[in-house]
Amino acid sequence: EVQPIRHFDESFTRLWDRISGKFALAVRRDARYLNWKYIQPPHVRYAVAALRRDGEAAGYVVYRHLQEPQGRVTLLVDFLTDPADEQGALTLLRWVHREARAADSDKTRTFTMHLGFRRLLRKSGYYPVKSTMEFIAKVNGAVVPAGFYEATDAWHFTLGDSDQDR
């Protein structure tokens, strides 16, 4: 079941703990970080919806609607499910699609580097466009394997990680 929320509880930390190993590189998306990033900022208002199964968080979406010079846009700012949970991811994407239609958005825009999430977005009707965003990363304090910086399909970064959602 998907429902709007105004606070990330500790079940989102448990979700992160369960699935974080499936990402080669990502920002730690625990409850503390998510509340700081998406619930508490005074300068921008986000809508957040959570997918719950048996009372536990199974995923979330963070989005907002805005008017741009060429029309109304819904930004899918951040999202998380287990990359193998196709049903959960598609359920959350349908939620955002309904919200975008209700807000009279002409389009929905998002960004992700993760190959599994890109496939699910395409399955949901999204199509890739050339991005102007470039990510530059340097891991300090840990040894990374050869080819780590070339193999980015398991990296999970979104518009929210770039701060280009404002």
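User: Let's start with Asp104. In which loop is Asp104 found?
Analyst: Asp104 is in the loop between α3 and β6. Keep in mind that this is a predicted model.

User: What is the phi of Asp104 like, positive or negative?
Analyst: Positive, about 60 degrees, although Asp104 is not a glycine. Asp104 follows helix α3.

User: And is Asp104 buried or exposed?
Analyst: Asp104 has 60% relative accessibility, so it counts as exposed. The cut-off for exposed is over 50%.

User: Now Asp54. What is the phi of Asp54?
Analyst: Asp54 has a positive phi of about 50 degrees, and Asp54 is not a glycine.

User: Where is Asp54 found, and is it buried or exposed?
Analyst: Asp54 sits in the loop between β3 and β4. Its relative accessible area is 84%, so Asp54 is exposed.

User: Which residues of α3 are buried?
Analyst: Gly88, Ala89, Leu90, Leu92, Leu93, Trp95, Val96 and Ala100 of α3 are buried.

User: What covers those buried residues of α3?
Analyst: The cover includes strands β1 (2-4), β3 (47-53), β4 (56-68), β5 (71-81) and β6 (107-110). Helix α4 is also part of the cover.

User: At what angle do the axes of α3 and α4 cross?
Analyst: Roughly 55 degrees. The axes of α3 (residues 86-102) and α4 (residues 115-123) come within 10 Å. The two helices are therefore oblique to each other.

User: Is the crossing of α3 and α4 left-handed or right-handed?
Analyst: The crossing of α3 and α4 is right-handed.

User: Which residues make the contact?
Analyst: On the α3 side, Glu86, Ala89, Leu90 and Leu93. On the α4 side, Leu120, Leu121 and Lys123.

User: Tell me about Glu86. What is Glu86 in contact with, leaving aside neighbours within four places in sequence?
Analyst: Glu86 is in contact with Leu120 and Lys123. Glu86 has 33% relative accessibility, so it counts as partly exposed.

User: How many Å separate the C-alpha atoms of Glu86 and Ala31?
Analyst: 23 Å. Glu86 and Ala31 are 55 residues apart along the chain.

User: Where is Lys22 found?
Analyst: Lys22 is in the loop between α1 and β2 (25-26). At 41% relative accessibility, Lys22 counts as partly exposed.

User: What does Lys22 touch, not counting residues up to four places away in sequence?
Analyst: Lys22 touches Asp82, Pro83, Ala84, His114 and Ala154. Gly55 is 33 residues from Lys22 along the chain, and their C-alpha atoms are separated by 23 Å.

User: Last one, Gln67. Where does Gln67 lie?
Analyst: Gln67 lies in strand β4. Its relative accessible area is 55%, so Gln67 is exposed. Gln67 and Val129 are 62 residues apart in sequence and 20 Å apart in space, C-alpha to C-alpha.

How values were computed. Residues are numbered from 1 along each chain as its sequence is written. This is a predicted model: local features need pLDDT of at least 70, side-chain atom pairs count only at pLDDT 80 or more; totals for chains, interfaces and linings use all residues. Side-chain values use heavy atoms; hydrogens and water are left out. Axes are lines fitted to C-alpha atoms, for helices over the stretch in contact, and angles run from 0 to 180 degrees between N-to-C directions. Helices (H or I, at least four residues) and strands (E, at least two) are DSSP runs, numbered from the N terminus. Angles under 35 degrees count as roughly parallel, over 145 as roughly antiparallel, 65 to 115 as roughly perpendicular and the rest as oblique. A crossing is left-handed if the near helix is turned anticlockwise from the far one by less than a right angle, and right-handed if clockwise. Contact means heavy atoms within 4.5 Å. Buried means under 20% relative accessible area, exposed over 50%, partly exposed in between (1.4 Å probe, protein chains only).
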